[in-house]
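Try each task yourself before you read its solution.

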Amino acid sequence: MAERRKITTAKKEATREDKLRRLGKNYSEYTGGEVSVKHAYLKFKIHQEEKGNSKQTLVFYDAFYKKFVKFINTYLQDTDENCPIDIMTQDGFQLLFIKSLGEDMSQQSINTYLRGYRAFGNYCESIGLLDGFKCPIKEVEPPIKQVYTDKELKRLLVKPDIRDFSDFRNFTIITLLLSTGARTNTLLNIRLKDVDLDEGYITFNTTKAHKIDTAN
């Protein structure tokens with residue numbers, strides 16, 4: 001079993017090395033002398049994977065890129081395989097991308113796509129594919145979310161009969177979420193060793209920022 005596992009791991013690493021080798025090989029073979037948007041995004045995606053970003057983060061970047069490619073197809077009448085990456089530094093390019101998102105889109109949603117756009121552009125700048133890239137984002141206050149009323153909270157926090165495991169489990173989860181603001185993924189990855197009842201705290205080993213956190 002151990003040997004089979006080693007073979008599988010080596011194959012996975014070789015596949016990634018092959019990707020990097022293909023991307024690092026003479027750009028002119030792919031783009032006729034210019035680095036294409038698609039080529040740059042493949043490098044960006046591999047970089048994000050190597051950083052160990054979560055699946056949700058990678059999905060977010062792919063969602064941005066899908067919008068970006070649609071913009072290139074529709075507004076520029078081009079493809080991401082042919083469009084040069086340095087077009088991102090042209091005056092007014094960001095505003096044109098924002099316009100392509102639609103007039104009905106909220107500023108919050110626009111900013112979400114712009115954060116993906118900025119991360120992509122900053123990476124391209126860091127490896128020398130762009131020069132002078134900027135992406136100002138107009139920050140706005142997030143809308144106030146509808147929260148539970150006092151009456152609803154009282155109903156949620158009625159302590160159940162501890163002999164009923166399901167009810168008591170649900171009560172514990174609700175109490176923990178309300179007390180700590182932990183994310184669902186963080187909650188699902190709590191283990192018995194992470195809970196210290198004597199000292200009164202929980203260690204969160206799975207967080208969005210990939211940092212260990214504690215809650216009292």
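## Exercise 1: Leucine 58 and its partners

Leaving out residues up to four places away in sequence, leucine 58 touches Lys45, Gln48, Glu49 and Asn53. Keep in mind that this is a predicted model.

**Task.** Find the helix that holds leucine 58, and decide whether leucine 58 is buried or exposed.

**Solution.** 
- Step 1. Locate the residue: leucine 58 is found in helix H4.
- Step 2. Look at the relative accessibility of leucine 58, which is 16%. Buried means under 20%, so leucine 58 counts as buried.
- Step 3. Leucine 58 and lysine 45 are 13 residues apart in sequence, and their C-alpha atoms are 7.6 Å apart in space.

## Exercise 2: How H3 and H4 pack

**Task.** Work out how H3 is oriented relative to H4, and list the residues that make the contact.

**Solution.** 
- Step 1. Recall what is needed: two packed helices are described by the angle between their axes and the distance between the axes.
- Step 2. For H3 and H4 the angle is about 175°, and the axes are 11 Å apart.
- Step 3. Angles over 145 degrees count as roughly antiparallel, so H3 is roughly antiparallel to H4.
- Step 4. H3 contributes Val37, Lys38, Tyr41, Phe44, Lys45, Gln48 and Glu49, while H4 contributes Leu58, Tyr61, Asp62, Tyr65, Phe68 and Ile72.
- Step 5. Sorted by class, the residues of this contact are 8 nonpolar, 1 polar and 4 charged.

## Exercise 3: The length of H3

**Solution.** 
- Step 1. Now see what follows the helix: glycine 52 comes after H3, and its phi is positive, near 80°.

## Exercise 4: From H4 to H5

**Task.** Describe the packing of H4 (residues 55–75) with H5 (residues 93–100), then look at glutamine 77 in the loop between them.

**Solution.** 
- Step 1. The angle between H4 and H5 is about 100°, with their axes 10 Å apart.
- Step 2. Since 65 to 115 degrees counts as roughly perpendicular, H4 is roughly perpendicular to H5.
- Step 3. Phe64, Lys67, Phe68, Phe71 and Tyr75 of H4 meet Phe93, Leu96, Phe97, Lys99 and Ser100 of H5. By class, that contact has 7 nonpolar, 1 polar and 2 charged residues.
- Step 4. Most residues other than glycine have a negative phi. Glutamine 77, however, has a positive phi, near 50°.
- Step 5. The relative accessible area of glutamine 77 is 67%, so glutamine 77 is exposed.

## Exercise 5: A buried asparagine

**Task.** Which residues does asparagine 111 contact, leaving aside its neighbours within four places in sequence?

**Solution.** 
- Step 1. Asparagine 111 is found in helix H6 (residues 107–126).
- Step 2. With a relative accessible area of 1%, asparagine 111 is buried.
- Step 3. The residues in contact with asparagine 111 are Ile137, Lys138, Glu139 and Val140.
- Step 4. Look closely at lysine 138: its backbone oxygen lies 2.8 Å from a polar atom of the asparagine 111 side chain.

Key: Residues are numbered from 1 along each chain as its sequence is written. This is a predicted model: local features need pLDDT of at least 70, side-chain atom pairs count only at pLDDT 80 or more; totals for chains, interfaces and linings use all residues. Side-chain values use heavy atoms; hydrogens and water are left out. Axes are lines fitted to C-alpha atoms, for helices over the stretch in contact, and angles run from 0 to 180 degrees between N-to-C directions. Helices (H or I, at least four residues) and strands (E, at least two) are DSSP runs, numbered from the N terminus. Angles under 35 degrees count as roughly parallel, over 145 as roughly antiparallel, 65 to 115 as roughly perpendicular and the rest as oblique. Contact means heavy atoms within 4.5 Å. Ala, Val, Leu, Ile, Met, Phe, Trp, Tyr, Cys and Pro count as nonpolar, Asp, Glu, Lys and Arg as charged, and the others, Gly among them, as polar. Buried means under 20% relative accessible area, exposed over 50%, partly exposed in between (1.4 Å probe, protein chains only). A polar contact is a pair of N or O atoms within 3.5 Å; within protein, one must be able to donate a hydrogen and the other to accept it, and residues adjacent in sequence count only if both atoms are side-chain atoms.
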